[in-house]
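Please open the structure in the viewer and keep the selection tool at hand.

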Amino acid sequence: MTHPGATPSDKHKVVIIGSGFGGLNAAQKLKRADVDIKLIAKTTHHLFQPLLYQVATGIISEGEIAPPTRVILRKQENCQVLLGEVTNIDLTDKTVDSILLGHTYRTPYDTLIVAAGAGQSYFGNDHFAEWAPGMKTIDDALELRGRILGAFEQAERSSDPVRREKLLTFVVVGAGPTGVEMAGQIAELADHTLRGAFRHIDSTRARVILLDAAPAVLPPMGEKLGKKAQDRLEKLGVEIQLNAMVTDVDRNGITVKRPDGTIDRIEAATKVWSAGVSASPLGKIIADQSDAEIDRAGRVKVGPDLSVPGHPNVFVVGDMALVDGVPGMAQGAIQGAKYVANLVKSELKGADPAAREPFSYFDKGSMATVSRFSAVAKIGRIEFAGFIAWLAWLFLHLVYLVGFKTKVATILSWITTFLGRGRSQLTITEQQAYARTRIEQLEEIAATVEDEKAAS
Ligand SMILES: Cc1cc2nc3c(=O)[nH]c(=O)nc-3n(C[C@H](O)[C@H](O)[C@H](O)COP(=O)(O)OP(=O)(O)OC[C@H]3O[C@@H](n4cnc5c(N)ncnc54)[C@H](O)[C@@H]3O)c2cc1C
């Protein structure tokens with residue numbers, strides 16, 4: 001099926017997969033190029049993942065971090081935004097297949113830019129996902145918001161102290177930036193925002209546990225900053241458990257193996273998984289048709305010009321690409337996408353593809369918030385923590401949020417939360433609070449009917 005509304009064109013066809021940092025920046029950088037761009041993504045929005053944890057903990061709304069891609073690109077006439085999940089790439093025929101509600105669409109390309117990002121990795125234990133959602137999408141963040149606030153609601157109605165304790169225990173697996181931010185915010189939600197809002201339970205007695213198999217908090221930021229983040233979290237009441245390997249996750253809690261081999265059980269209704277990433281399966285589809293290798297996380301080892309070996313017109317950028325010295329961070333995707341778009345533009349003007357300058361990454365540093373007024377930051381060799389780092393974090397995140405209205409709305413939400421006690425997005429719908437249980441019940445009923453049929 002072709003794309004309705006698309007005008008056939010003999011212009012150079014650029015297909016971009018993904019509307020994240022890589023996909024969006026590639027499209028925008030090609031704004032003035034004489035090309036016909038099709039940007040295909042499986043969500044209608046451009047997601048600012050670094051603030052997902054604030055959606056999950058009720059600080060900001062999903063609209064503030066996920067503006068519609070087609071509205072962002074409204075004025076870019078050379079670009080058509082298409083909703084669909086890419087299921088196949090044919091490097092020989094130079095086509096991309098995408099599916100929307102059962103229909104498959106085939107899109108031809110001259111240049112392909114693949115920026116489909118990464119999903120959560122459960123290191124081969126995908127069944128953990130049901131009980132410990134990750135933090136990769138708006139759906140994940142809203143699901144977690146429903147689970148976190150729903151646990152407090154259920155605890156208020158429970159007369160069983162053991163069940164209450166389970167409901168008021170929150171475990172975050174993975175002490176990287178996302179885990180640190182989530183644990184800090186759940187603790188502040190319980191201690192600050194919800195304090196005094198219940199009659200039967202005391203929300204400030206909620207137990208928040210951050211655990212990791214590694215021996216340190218925030219390992220990529222170094223020992224000093226990791227220790228500072230750990231101290232701040234402990235002051236907030238977060239229990240940090242390091243060298244703790246999760247061996248099982250179920251409805252009621254998690255099982256953990258300690259370094260001395262002992263096995264512990266933590267009863268907890270709410271679990272959050274922020275322990276690992278796995279690149280889009282499109283990487284394997286590319287590797288299977290080329291000489292490209294993929295690593296254990298599914299990332300494609302691209303050439304110095306970010307192209308797939310043997311396919312100078314196919315590029316992989318962002319979290320899907322394996323490039324020495326380029327981290328799986330927003331800047332890696334943004335800079336890679338801009339570099340590729342510049343190559344396309346200069347080669348359309350006659351530059352020789354064989355003479356490409358290699359991609360070079362400029363490290364702008366990294367930071368993570370721990371709680372309100374406290375963050376850690378590393379820029380080159382300079383490391384700093386506390387209020388100044390937090391202000392720098394606020395400023396930088398505002399700069400990279402897309403859209404003026406989004407920035408204003410986010411500033412207002414931050415003022416409400418950080419200067420007062422309130423959070424403007426504590427709504428959970430009935431569907432979020434109960435639908436999951438209802439679906440499980442329906443599945444159980446369906447399974448029973450099947451069993452009965454088989455037995456009769
Ligand atoms: C919770 C969290 C916090 C983070 N915090 C920070 C931070 O503070 N600082 C920082 O620098 N980085 C941070 N990152 C990392 C950063 O967000 C990523 O490195 C960056 O988003 C990578 O950009 P990308 O374009 O490669 O992928 P993404 O931004 O993930 O975009 C992938 C796009 O591809 C689409 N897609 C995926 N599969 C398909 C398919 N089959 N068909 C069609 N479309 C598809 C998706 O819908 C999405 O639009 C964070 C990540 C997470 C998850």
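Begin at the ligand and select Gly-328: a polar backbone atom of this residue is 3.2 Å from an oxygen atom of the ligand. Please note that the model is a predicted one.

Next, select Ala-330, where a backbone N or O atom lies 3.0 Å from an oxygen atom of the ligand. Then select Val-86; here a backbone N or O atom is 2.7 Å from a nitrogen atom of the ligand. On its own the ligand has 1000 Å² of accessible area, and the protein covers 89% of it.

Now display the whole shell. How many residues surround the ligand? There are 28, and the closest are Ser-19, Gly-22, Gln-49, Val-86 and Asp-319. Colour the shell by class to find twelve nonpolar, twelve polar and four charged residues. Select helix H1 (21-29), strand S4 (85-90) and helix H10 (330-348) in turn, as each of these supplies at least two residues of the shell.

Finally, turn to a pair of helices. Two packed helices are described by the distance between their axes and the angle between them. Select helix H5 (residues 138-156) and helix H7 (residues 177-193), whose axes come within 12 Å and cross at roughly 35 degrees. The crossing of H5 past H7 is right-handed. Show the side chains at the contact: H5 contributes Leu-144, Ile-148, Leu-149 and Phe-152, while H7 contributes Met-182, Ile-186, Leu-189 and Ala-190. By class, this contact of H5 with H7 holds eight nonpolar residues, with no polar and no charged ones.

Technical notes: Residues are numbered from 1 along each chain as its sequence is written. This is a predicted model: local features need pLDDT of at least 70, side-chain atom pairs count only at pLDDT 80 or more; totals for chains, interfaces and linings use all residues. Side-chain values use heavy atoms; hydrogens and water are left out. Axes are lines fitted to C-alpha atoms, for helices over the stretch in contact, and angles run from 0 to 180 degrees between N-to-C directions. Helices (H or I, at least four residues) and strands (E, at least two) are DSSP runs, numbered from the N terminus. A crossing is left-handed if the near helix is turned anticlockwise from the far one by less than a right angle, and right-handed if clockwise. Contact means heavy atoms within 4.5 Å. Ala, Val, Leu, Ile, Met, Phe, Trp, Tyr, Cys and Pro count as nonpolar, Asp, Glu, Lys and Arg as charged, and the others, Gly among them, as polar. A residue is near a molecule or strand if one of its heavy atoms lies within 4 Å of it. A polar contact is a pair of N or O atoms within 3.5 Å; within protein, one must be able to donate a hydrogen and the other to accept it, and residues adjacent in sequence count only if both atoms are side-chain atoms. Accessible areas come from the Shrake-Rupley method with a 1.4 Å probe; for residues, only the protein chains shown count as cover.
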